[in-house]
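Have the sequence and the 3D view at hand, and look up each spot as it comes along.

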Amino acid sequence: FVEHREVFIEHYGEVPIVKGSFNDMPKNVQAWVASKIDLCKPRGVYICDGSQEEAETIIHKLEERGTLHKLKAYENNYICKTDPKDVARVEGLTYIVSHNKHDSVPHVRPNTKGILAQWMSYAEAEKLNMDRWPGCMAGRMMYVIPFSMGPVGSPLSKIGVQVTDSNYVLLCMRIMTRVTPKVWDVLKKGKGDFVKCLHSMGSPRPNQRKVINHWPCNPDKVLILHYPEERKVTSFGSGYGGNSLLGKKCFALRIAGVIARDEGWLAEHMLIMSVTNPKGQEKFIAAAFPSACGKTNMALLTPTIPGYKVQCIGDDIAWMRFEENGELRGINPEAGFFGVAPGTNEKTNPIAVQTFQSNSIFTNVAETEDGHFFWEGMEDKISDDTEVVTWLGGKWKKGNPEKAAHPNSRFCTPAGQCPIMHPMWEDPKGVPISAIIFGGRRPEGVPLVLEAFDWKHGVMLGAQLKSETTAAAEFKGKKIMHDPMAMRPFIGYNFGKYLDHWLEVEKPPHKVPKIFHVNWFRVDSTGKFLWPGFGDNIRVLDWIMRRVDGEDIAVESPIGLLPKKGSINLDGLGEINWDELFSIPKDYWLADIKETMKFLDDQTGEDLPQVVRDELQKQADRINAM
Ligand code: GDP
Ligand code: PGA
Ligand code: MN
Ligand code: MN
């Protein structure tokens, strides 16, 4: 391993460049990296080349150190356990920094705590940064990661450079993005713009804090800042994926959202999938659900009704742009899946299970004595006396009431290994989107599927999205929270302006897709799901596709168009309580629309587009007249 060499060919000041060539990087990247070396004071700089050899070297090192543990039942699968204080995104410590506050956050009403992005001033950010970054990589290696979001060189793609002192982050970035020095050439040939992504675990040597699980982090000082004006992200103190794989939420949603507004496109928290029906007709569908509400499962769905085929483009993020001919086309900027492990099994999501049989990293899952991964939902795979080691390192057997895996434990696996990736998933032109779906976890009141009356009503449906909280972020317990457009944690600019942007794309020659809302999570009076979900969701997708084709299978209701009774294929499902699944209790909706109007008015104030206000009022009037 080159680190042990006596003489380094290149140095930056006293700091050796242990791999790669500093001088081969574009000049503006050199200048930026140099300033970070000066600031963070690493013991060496490692410029990544994305090669297989590089992965093997790093994995080997992490295994020796104990950070990674090989799952011996598979090929090249590893477990990583984090410090138990570093297991999810931290929305409360995530901010947008801008010169003008209201570029980032709406004019909330007095005495309202804004939850649609948090703003921080440059002065405050500077103060907090000075208490964190200087010397934060002392005794550690600085990895420089060149990556492309989207296929390298595609006109829809964007380039980033991440600097990090975590080699776990490096390994996951290699799965989730396209890490390659080819991006240097793209930068040198083009305008040279790249998104600057700076990350540190915030744990310089000698360690100030007891390191747990070989996971040096700094939970007391976590701070994730976005500077849209400078296309820059700084993330300190956490190694959890959503906080540390900066290509994902920070760049591809928060920063890209601002770029998208400026350039007239959309960066959304959406899967993209293709569905082909028995007649051979194919449609591409984008769907936005909050974190841990079913995107990955839907993107990899195995249809339960014969003759349907699903193929995947992406499972978490969509970049979409209207073409000159008016078509909306989308790409998946990522290259891997960072999926929720619990609940994933051969019945619910066989495609995911096939995908992560090799070359994957599992974070905070449990392990069986014979070297298999294990989590809640896999009980059928083990016998009563199989010994399991939990994510916390304790002994566990079937029937033990404790959770074996953390509820937000994740698999990180290359999308290219997924058996149902669409042949066009890396097509630089993207795929044509013909429907947009919103959805959330709504145990009560909300029907299985409904269709918006038109684009404006659809934008309002997106804006009023709510869902039960999940383990993907720091909130405890289950409560229904607003999550407009499934973007609450990922908004990069004033949410009122974001809604304006959505409304403004409806103009000639743009062909705006139909918008739908789904809910797989409604329960009956005993708390049982009314809908089987997973592969059976194809039945709802089939209805949606037929609606896109204009089939007469919908009826008006005060809240949108509902399926005509019997128009969803329920063959072979056994008993489904249609009336309960589609009921829209007046009291529930009266209270809901009132609460939603207040929420959006409090949170967005004068920035809430009049069109959305009008749509809310019309919806309220229709519900009142029920
Ligand atoms: P994502 O975070 O939005 O990608 O959500 P996932 O697809 O990873 O799913 C999150 C959790 O919801 C997992 O535990 C799934 O098993 C569960 N889930 C996903 N789809 C369904 C569904 O259709 N019905 C039910 N009941 N649960 C689901
Ligand atoms: P998810 O992605 O949407 O698949 O949960 C991670 C996240 O949103 O934190
Ligand atoms: Mn997500
Ligand atoms: Mn997912």
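Ala117 is buried, because its relative accessibility is 12% and buried means under 20% relative accessible area, with exposed over 50% and partly exposed in between (1.4 Å probe, protein chains only). You'll find Ala117 in the loop between α3 (101-104) and β7 (119-120). Helices (H or I, at least four residues) and strands (E, at least two) are DSSP runs, numbered from the N terminus. Ala117 is not a glycine, yet its phi is positive, about 80°. Most residues other than glycine have a negative phi, and most peptide bonds are trans.

A word on the ground rules: this is a predicted model, where local features need pLDDT of at least 70 and side-chain atom pairs count only at pLDDT 80 or more, while totals for chains, interfaces and linings use all residues. Residues are numbered from 1 along each chain as its sequence is written, chains are lettered from A and ligands numbered from 1 in the order in which they are written, and side-chain values use heavy atoms, with hydrogens and water left out.

Asn364 also has a positive phi without being a glycine, near 65°. Asn364 sits in the loop between β21 (361-363) and β22 (366-368), and counts as buried at 4% relative accessibility.

Next come the cis peptide bonds. One runs from Arg205 to Pro206, and another joins Pro508 and Pro509. Here they are side by side:

| Cis peptide bond | Omega |
|---|---|
| Arg205 to Pro206 | near -5° |
| Pro508 to Pro509 | about 0° |

Pro509 belongs to the loop between α12 (495-504) and β31 (514-518). Pro206 is in the loop between β11 and β12. Asn218 is placed in the loop between β11 (195-200) and β12 (223-227) as well. With a relative accessible area of 15%, Asn218 is buried. Leaving aside neighbours within four places in sequence, Asn218 is in contact (heavy atoms within 4.5 Å) with Met201, Gly202, Phe236 and Gly237.

Strand β11 itself holds Cys197, which is buried at a relative accessible area of 0%. Who are its partners? Outside the four places on either side in sequence, Cys197 is in contact with residues including Trp32, Phe147, Val161, Leu246 and Phe251. Cys197 and Thr234 are 37 residues apart in sequence, but 6.0 Å apart in space, C-alpha to C-alpha.

Now for the metal. Which residues coordinate the manganese ion (ligand 3)? They are Lys249 (NZ), His269 (NE2) and Asp316 (OD), at 2.0 to 2.2 Å. Donors are N, O and S atoms within 2.8 Å of the metal (3.2 Å for Na, K and Ca), and water is not among the atoms, so sites may look incomplete. The donor residues follow the spacing K-x19-H-x46-D in sequence. Six donor atoms around the manganese ion (ligand 3) subtend angles of 64 to 164°, so the arrangement is irregular. The manganese ion (ligand 4) is 5.4 Å from the manganese ion (ligand 3).

His269 is buried, with a relative accessible area of 0%, and Asp316 counts as buried at 7%.

On to the helices. Two packed helices are described by the angle between their axes and the distance between the axes. Helix α11 (residues 455-463) and helix α16 (residues 610-624) pack at about 85°, with axes 9 Å apart. The two are therefore roughly perpendicular, a label that covers angles of 65 to 115 degrees. Lys456, His457, Val459 and Met460 of α11 meet Val611, Val612, Glu615, Leu616, Gln619 and Arg622 of α16.

Helix α13 (residues 538-548) is mostly covered, with nine of its eleven residues buried. Among them are Ile538, Leu541, Trp543 and Met545. After α13 comes Gly550, with a positive phi near 85°.

Finally, Arg109 is in the loop between α3 and β7, and counts as partly exposed at 31% relative accessibility. Not counting residues up to four places away in sequence, Arg109 touches Asp601, Asp602, Gly605, Glu606 and Arg613.

Conventions: Axes fitted to C-alpha atoms, helices over the stretch in contact; angles between N-to-C directions. Parallel < 35°, antiparallel > 145°, perpendicular 65-115°, else oblique. Tetrahedral: all angles 85-135°; square planar, octahedral: opposite > 155°, others 65-115°.
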